[in-house]
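Here's a quick briefing to read alongside the model. Take a look at the structure first, then work through the points below.

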Protein chains: 2
Amino acid sequence: MTLKALLDPSSIAIIGASDSPDKIGGRPIRYLKEFGFTGSILPVNPGRPKVQGLDAFPSVADLPEVPDVAIIAVAGENAVESVDACAEKGVKAAIIMASGFGETGAAGKALEARMRERARGRGMRLVGPNSQGLANFGTGAILSFSTMFIESPPQDGTVACISQSGAMSVVPYGLLRARGIGVRHVHSTGNDCDVTVSELAAAVVDDPEVRLILLYLETLSDPENLALAARKARQRGLPIIALKAGRSEDGRRAASSHTGAIATPDRVIDAFFEKLGIWRADGVPDMVRATELYLGGWKPRGRKLAVISNSGATCVLAADAAERFGLPLAEFKPETCSALKSVLPSFAATNNPVDLTAALLTNSGLFSEVLPVVGADRGVDLTLVGIPVSGQGYDYPRFARDTADYLKAGDKPVVAAIPQDKVRTAFASEGIPTFVSEDDAVNALTQFVRHHERMATAKDWTRVEIDPDRPRKMLDESQSLDLLDAFGITTMRRRLCREVAEAVAFQKDLGRPIVLKACSAEIPHKSEHGLVLLRLDTEEAVAEACNRITSTLERMGVPFQGLLAAEMLSGERELVVGGHLDPVFGPVVMIGDGGVLVEAVPDNVLLLPDLDQAEIEGALDCLRIAPLFSGVRGKPPLDRAAIVNVVQAVSRLLLDGQTHSVDVNPLIVSPSGAVAVDALVEQYL
Amino acid sequence: MTLKALLDPSSIAIIGASDSPDKIGGRPIRYLKEFGFTGSILPVNPGRPKVQGLDAFPSVADLPEVPDVAIIAVAGENAVESVDACAEKGVKAAIIMASGFGETGAAGKALEARMRERARGRGMRLVGPNSQGLANFGTGAILSFSTMFIESPPQDGTVACISQSGAMSVVPYGLLRARGIGVRHVHSTGNDCDVTVSELAAAVVDDPEVRLILLYLETLSDPENLALAARKARQRGLPIIALKAGRSEDGRRAASSHTGAIATPDRVIDAFFEKLGIWRADGVPDMVRATELYLGGWKPRGRKLAVISNSGATCVLAADAAERFGLPLAEFKPETCSALKSVLPSFAATNNPVDLTAALLTNSGLFSEVLPVVGADRGVDLTLVGIPVSGQGYDYPRFARDTADYLKAGDKPVVAAIPQDKVRTAFASEGIPTFVSEDDAVNALTQFVRHHERMATAKDWTRVEIDPDRPRKMLDESQSLDLLDAFGITTMRRRLCREVAEAVAFQKDLGRPIVLKACSAEIPHKSEHGLVLLRLDTEEAVAEACNRITSTLERMGVPFQGLLAAEMLSGERELVVGGHLDPVFGPVVMIGDGGVLVEAVPDNVLLLPDLDQAEIEGALDCLRIAPLFSGVRGKPPLDRAAIVNVVQAVSRLLLDGQTHSVDVNPLIVSPSGAVAVDALVEQYL
């Protein structure tokens with residue numbers, strides 16, 4: 001494991017070591033001493049014999065042993081020289097804390113690349129530059145200058161935070177620590193010039209104590225490493241939540257001046273995370289909301305929610321939240337209702353949500369009676385306990401104990417929604433995941449359940465090596481359709497004609513109206529130039545159309561490359577299927593609704609090959625027009641299998657490596673079949 | 001003001017007064033004594049001469065004075081009798097705390113109605129039953145038994161919480177008190193058998209100290225009172241946020257067994273709140289999130305956001321959140337950028353978001369330098385300050401003071417996103433609205449700005465009295481279209497024919513293909529029965545179609561009521577416009593996209609008449625297909641004005657009071673015009 005030196009070093013040099021424990025070059029020394037590091041700490045400082053009470057050395061060359069890791073806490077040219085000195089010495093990995101490199105522009109990026117090449121040439125790995133450092137509270141290797149470990153004292157735990165940004169490595173850390181949750185890893189990699197967040201994540205996954213990984217990314221240049229991390233994580237049921245910032249254009253611009261991030265179309269990231277079973281957080285609240293649920297170790301069996309509260313309003317609000325976030329309320333079995341009847345007051349309703357009414361004031365043991373009844377119902381997967389008001393007159397410590405006893409006895413998750421601090425704390429201290437509102441609680445449960453569903457259906461992904469700079473050319477429509485044919489896509493009946501007579505004969509053979517188009521790779525929007533003529537159903541009409549198109553081409557100065565005569569097709573719906581090779585992610589396939597709103601209000605889904613049937617059908621279910629695939633208003637369902645076939649063919653076409661992009665628009669879909677009637681393919685030369 | 005007695009009584013009787021300050025009949029006495037009530041407190045208890053040290057009286061009749069308000073803290077039959085005794089005595093208003101009435105079913109509802117009629121007969125108003133009581137910390141009139149005033153000690157303030165549910169009156173109270181915000185009114189009205197949340201809100205609006213009203217509703221039976229409250233509130237710029245629970249079907253079911261709520265289609269509620277300028281909260285977090293912004297008294301001038309942070313990651317995340325929630329980032333003017341250049345380190349970017357970088361560590365006055373520069377930019381409406389990490393080495397109390405100074409000097413809102421408790425507290429204690437995350441801060445700002453926009457364009461609404469039980473009948477298609485004609489809607493050219501010859505002549509006159517339909521109010525889905533025949537362009541085709549329809553009708557046993565011959569029309573898009581009389585809200589108009597997905601994936605908006613052009617255009621802008629109204633893919637825009645005309649005509653038709661429902665489907669819209677080609681109208685007899 002090449003990154004072992006960073007996570008579990010036995011000796012650490014600090015270049016630019018400071019006697020002040022509050023300077024960048026001093027903090028790591030303070031932390032190493034304070035948080036239990038047992039290996040050698042080797043300060044490098046040409047001006048002092050001692051640093052924070054430790055023997056210091058004037059240079060890297062003077063070090064008495066070869067350190068596993070060097071922290072480079074000097075800036076600019078000094079940092080560059082230190083990288084060379086460390087590589088020379090045989091250091092395994094160096095962490096560069098200075099900023100002012102890749103995030104400032106092309107020159108900085110070039111400098112980073114030179115440092116990386118020189119380090120790698122001697123087998124040394126680099127973290128940073130612009131890194132706040134790494135911290136492993138399991139080994140005591142705190143190679144970081146973050147202020148946060150003073151502000152929120154650490155406690156070793158089972159969560160790992162790995163981030164490019166220093167702030168976003170310690171913000172989730174701080175929020176979790178404030179909730180009493182232990183955190184083991186807090187790593188900030190900065191500009192990722194060599195070791196990336198993804199590669200580090202793939203190493204941290206091997207720490208058997210880690211049970212939840214939180215990532216913050218501004219760039220994702222090495223998806224293969226994240227795919228590796230996700231594969232290893234799935235094998236041991238370890239969830240990964242990633243906040244990939246830069247969804248918005250403004251955000252991407254800000255990211256490029258922060259860590260020098262390269263933009264990838266944001267929806268490709270969505271598709272990638274979905275494929276790997278990684279939950280994508282939309283912001284910091286999403287990253288940390290459900291932590292107690294993840295760490296509880298439950299494996300949710302389904303989405304069906306039961307709600308129990310002493311307030312009717314909480315019952316109503318929890319039911320509303322369940323619908324809003326997508327958790328259906330469980331329908332209780334008759335035996336559950338009759339068991340509740342014997343426990344609850346006569347006027348209380350015995351279905352879901354369960355309103356305990358004011359009976360909780362007189363019977364403090366009600367939770368111990370109701371929870372096992374609800375939990376025994378096989379239709380219930382999740383339970384929310386809501387206590388909007390408690391305090392004087394209520395034995396809420398007992399409610400918490402009873403809920404905790406039930407939780408420990410079974411394997412179904414329970415959450416509590418409690419706005420009052422002291423009541424919520426009583427529940428939290430019994431190990432119950434707690435939230436301030438019904439909304440937060442249901443939101444967290446939904447994320448938890450959907451993330452587990454996603455992990456269960458996640459797939460592996462392999463990088464396809466592509467050279468984005470290979471020269472390429474557009475095929476004309478006839479060539480494009482022929483290529484689709486070759487890959488097994490049904491295309492409309494057609495003939496590429498050089499002569500009027502051929503077109504006339506085609507129409508006559510077909511016996512139905514045809515369409516005539518100029519065939520040329522040079523003119524993208526043919527209909528706008530009058531180069532597509534429809535509904536030609538007589539010899540005269542076909543001949544006249546041929547002549548009109550030919551003379552239009554002449555007028556435009558475009559060489560004649562033939563006329564495409566084709567059957568006129570209609571179907572229930574026009575879809576679009578396309579794909580291209582992304583420079584980082586390789587083949588990306590798109591499937592969506594077509595028609596006039598295709599660009600203005602897109603309804604489409606991206607997928608990363610290879611693609612099995614279930615993935616494509618899952619994507620079709622995500623489209624707004626999904627009801628068409630099961631039939632609406634008495635119409636027969638559209639042919640899903642035919643669409644799946646087309647998407648798989650496009651996927652194969654892209655994986656083949658010869659095609660840069662393909663656009664099938666429209667794909668005319670009917671209850672039996674899907675026919676490509678226009679296509680544009682760009683191939684590599 | 002009829003409800004003055006409830007909000008500012010000079011004497012209060014407690015029927016069922018208890019010596020225990022923790023019983024329902026004892027709590028109000030404790031609170032009245034503790035929270036500064038200066039009028040008479042009159043306990044009624046037949047068994048005790050003294051209650052909590054006060055002289056008690058054996059019955060209502062024995063009271064030495066006529067109390068303004070009576071709290072009825074006895075249950076069942078005793079409560080009913082107490083209502084009579086109070087009414088007899090001349091009490092102005094009574095609060096019934098007992099449950100077990102309307103929420104239990106029809107018998108309970110009838111009992112409520114009887115109590116209301118008997119009270120009203122003597123001029124007494126009723127709150128409840130099932131009410132936790134009312135509390136006005138401005139007058140000390142705490143007529144409530146809520147535990148929460150012990151748990152979170154009250155402090156008079158400018159927020160009013162008015163709720164049917166007891167819990168949802170005090171949950172927002174408790175959350176606001178935990179943030180140090182004072183609350184004046186905390187009212188819980190229960191089943192609303194007489195005084196409703198809406199009527200009480202209309203009274204509370206008159207309290208000049210109140211600056212924010214939070215409502216929790218499970219039913220809304222008297223929209224005219226809420227419209228009155230909203231009108232008065234708008235006149236003095238007082239925002240109202242309403243949580244109307246029961247969005248989901250499960251939620252509505254739970255609400256009906258909680259407060260006996262009657263269901264109104266949830267989207268009608270949305271339309272009503274939108275019209276009145278009321279913000280609809282989706283849950284408790286939405287109710288209280290932006291309180292500090294509302295109480296700050298700013299009037300936002302627009303949505304343009306500036307972001308300032310010491311962390312690049314926060315800049316990126318805030319930009320992402322701004323896009324997600326719908327606040328565009330301000331584009332700084334050149335003078336702003338150059339002014340920032342002179343303040344910030346050379347390597348910092350000088351556009352928006354503003355990354356202060358680590359310069360904040362060495363220049364603690366940076367906020368005092370940067371904020372005025374950003375605030376002076378006329379393109380900036382709102383500012384977010386993000387400080388993800390601070391503490392040792394940072395003079396964060398100064399950051400807070402500098403931000404507060406800037407905030408006080410100007411009129412543009414500033415919010416702070418700060419995950420660390422102590423740093424956030426420093427900002428909050430300087431009067432700056434603070435949030436844990438960028439997401440929360442941007443979410444709150446968005447609500448605040450959009451709510452003000454909504455208040456500025458809000459309209460008044462008047463109830464139309466309707467009798468939902470009047471008998472009614474369906475018009476046939478010809479009658480329906482004639483009615484639309486009469487109200488100024490363009491309909492397709494047509495002729496109602498009794499004879500084949502008439503239909504043949506119509507087609508001949510028209511000179512184009514026609515459609516023939518059976519005209520009958522009895523058959524709703526005519527095309528499914530082969531009673532609609534298309535593209536008839538010859539005498540023979542028309543004649544044959546007439547015969548086929550006639551014989552089909554004969555076979556179905558439906559009397560012949562004529563054949564509707566009509567021109568075949570096509571346009572760019574099929575829309576639907578409809579409307580009906582809601583038993584509570586009166587006329588409701590719907591405008592939406594038509595076509596095959598009209599039911600499966602609706603894209604429509606509801607509106608409450610009367611409707612001016614701006615309201616209808618605003619609704620059109622909310623449709624998914626809105627881009628069609630400005631033209632997509634080189635096509636000319638659809639005729640908005642023609643659609644507006646149709647919607648206004650449907651609105652007039654419903655306000656006319658003779659029509660129960662109207663359904664124009666499809667309305668064929670082109671770049672010039674909108675033509676109704678089918679319609680179904682139900683009229684009162």
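Let's start with a sheet in chain A: seven strands form an open sheet with mixed pairing, running in the order S9-S8-S11-S10-S12-S13-S14. At its edges sit strand S9 (141-144) and strand S14 (279-280) of chain A, each of which pairs on one side only. Keep in mind that this is a predicted model.

- Strand S13 (residues 240-244) of chain A lines up with S14(A) in the parallel sense, with two bridges between them.
- Which residue of S14(A) is the bridge partner of Ile241(A)? That would be Trp279(A).

**How chain A is divided**
- Chain A is split into domain 1 (1-132), domain 2 (146-288), domain 3 (299-438), domain 4 (493-567) and domain 5 (573-684).
- Going by C-alpha atoms, the centres of domain 1 and domain 4 of chain A are 70 Å apart.

**Strand S26 and its partners in chain B**
- Strand S26 (residues 586-593) of chain B is mostly covered, with eight of its eight residues buried.
- Strand S25 (residues 573-582) of chain B pairs with S26(B) in the antiparallel sense, over eight bridges.
- Getting from S25(B) to S26(B) takes a hairpin of three residues.
- Within this pair, Val589(B) in S26(B) has Gly579(B) standing opposite.
- S26(B) also pairs with strand S27 (residues 604-607) of chain B, again antiparallel, over four bridges.
- On that side, Met590(B) has Leu606(B) in S27(B) as its bridge partner.

Technical notes:
Residues numbered from 1 in each chain as written. Chains lettered and ligands numbered in written order. Predicted model: local features only at pLDDT ≥ 70, side-chain atom pairs only at ≥ 80, totals over all residues. Buried ≥ 20, exposed ≤ 12 C-beta atoms within 10 Å, placed from the backbone. Pairing = 2+ DSSP bridges. Domains from an automatic or database assignment.
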